[in-house]
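Welcome! Please take a look at the structure below, and then we will walk through some of its parts together.

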Amino acid sequence: MQEKMKAVRLYATWSPRDDFQPGPKDIEGKQTYLGSKVWRNPSFKIEEVDIPKPGIGEVLIEIKACGICGSDVHMAQVDKDGYIFYPGLTGFPCTLGHEFSGVVVEAGPDAYDKTTNQPFKGGELVTSEEMVWCGNCRPCADGFPNHCERLDEIGFNIDGAFAKYVKVPSRLCWSIEPFREKYDEKDVFKLGSLVEPTSVAYNAVIERGGGIRPGDNVLILGGGPIGLAACAILKRMGAVKVILSEPEECRAKIADKLGVDYIINPIKENLAEKVLEITSGMGATIYLEATGLPTIVYPEIEKIIWEGRTLNSTIVVVARADAKIPVTGEVLQVRRARIVGAQGHSGHGTFPRVIELMASGMNMLPMITKEIGLEEVPENIIRLQKDKKDCKVTCVM
Ligand SMILES: [Zn+2]
Ligand SMILES: [Zn+2]
């Protein structure tokens, strides 16, 4: 008899909008790269499903911790016509959950552990990338797995980790053993579940933003998990003034623990003026757009770049937004500034470096503001649509 497990699954109805044009990767009724143009009336079910069997190059992981991401919230949130907010790759029904860690309990043939370059034996503590890049397409071959043309995503269009077990390709797994030195057992797994969002921040400010030189100033707009993780990374890289723009007081409190030097409430204070004042008229080297509100924050960034004396600054766009950014070319030209986009967390050794950073003491645990059980995942995903008081809500098993 096939063994069963509980899983938190999201269902939705395939109901393409009038202007929807199916792309080459869309599978009618099952999967699309344009979620918000297709899926309607999402609903959760906690179901008994088969425990997956790892095939060639795959491992089965027993989940110990899995965080709720903004994407999970947006997959279950609807507009006035009942369509989901989340605009990207989705295939329902699907077990959600993509920020996870756990223990390898079973390995298929040819599933190798990068730490030892030997086959997985079982018992290894791991976290996993969420993007299942193919390794065969042109972007993958060129070294850009974050832009894979044959992408699957764990917890979006293939089954994720709000369950007892998840099956993943071993090439996506990274050991979190190094955490054991500084953290106790329970924290090891919680920290492991924060590697994925922290890697998104690392890819944004280091890989795409080009990092900084020790002694530079940085401005992070938006104190969600990505913005907060970027603050911690840039502080470690030697930023003298890490400035965070964030109106929510509870998030500002977490920022304090992660090494932020100045927190500006952009609703109560004039952001551009305040940043110029704090930096003695210099401005910043990196600006991270992590709010998803480019029309509101971009004019402020531009003002700081124009009036500040830092040349060669980089604006990194990491938050997704279906809005035009109001850019003045003259400002980019005169101030030698540039805008870059950042997506994903894979490639260029990002995961192992983030793990080593955390292992060496970059403690991201203050981001977790609530711990829940598996059964509480649906109600918490729904609550987070409105309640902004939490930062990271994590399911611990
Ligand atoms: Zn996520
Ligand atoms: Zn690919």
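Which residue in β7 does Ala-65 stand opposite? Ala-65 stands opposite Ser-101. This is a predicted model, in which local features need pLDDT of at least 70 and side-chain atom pairs count only at pLDDT 80 or more, while totals for chains, interfaces and linings use all residues. Residues are numbered from 1 along each chain as its sequence is written, and chains are lettered from A and ligands numbered from 1 in the order in which they are written.

**Strands around β7**
- Strand β4 (residues 58-67) pairs with β7 (residues 99-107) over 8 bridges in the antiparallel sense; strands are DSSP runs of E, at least two residues, numbered from the N terminus, and two of them pair if DSSP finds at least two bridges between them.
- Strand β10 (residues 125-128) runs antiparallel to β7, with 3 bridges joining them.
- Gly-102 stands opposite Val-126 in β10.

**An open sheet**
- Three strands form an open sheet in the order β3-β1-β6, with antiparallel pairing.
- β3 (39-50) and β6 (94-95) stand at the edges with a single partner strand each, so one side of each has no neighbour in the sheet.
- Strand β1 (residues 4-14) is joined to β6 by 2 bridges, and Arg-9 has Thr-95 in β6 as its bridge partner.

**A helix pair**
- Helices α7 (residues 271-278) and α8 (residues 294-307) pack at an angle of about 35°, with axes 8 Å apart; helices are DSSP runs of H or I, at least four residues, and axes are lines fitted to C-alpha atoms over the stretch in contact, with angles from 0 to 180 degrees between N-to-C directions.
- On the α7 side, the contact is made by Leu-271, Ala-272, Val-275 and Leu-276, and on the α8 side by Glu-300, Lys-303, Ile-304 and Glu-307 (contact: C-beta atoms, placed from the backbone, within 7 Å).

Technical notes. Contact = placed C-beta atoms within 7 Å.
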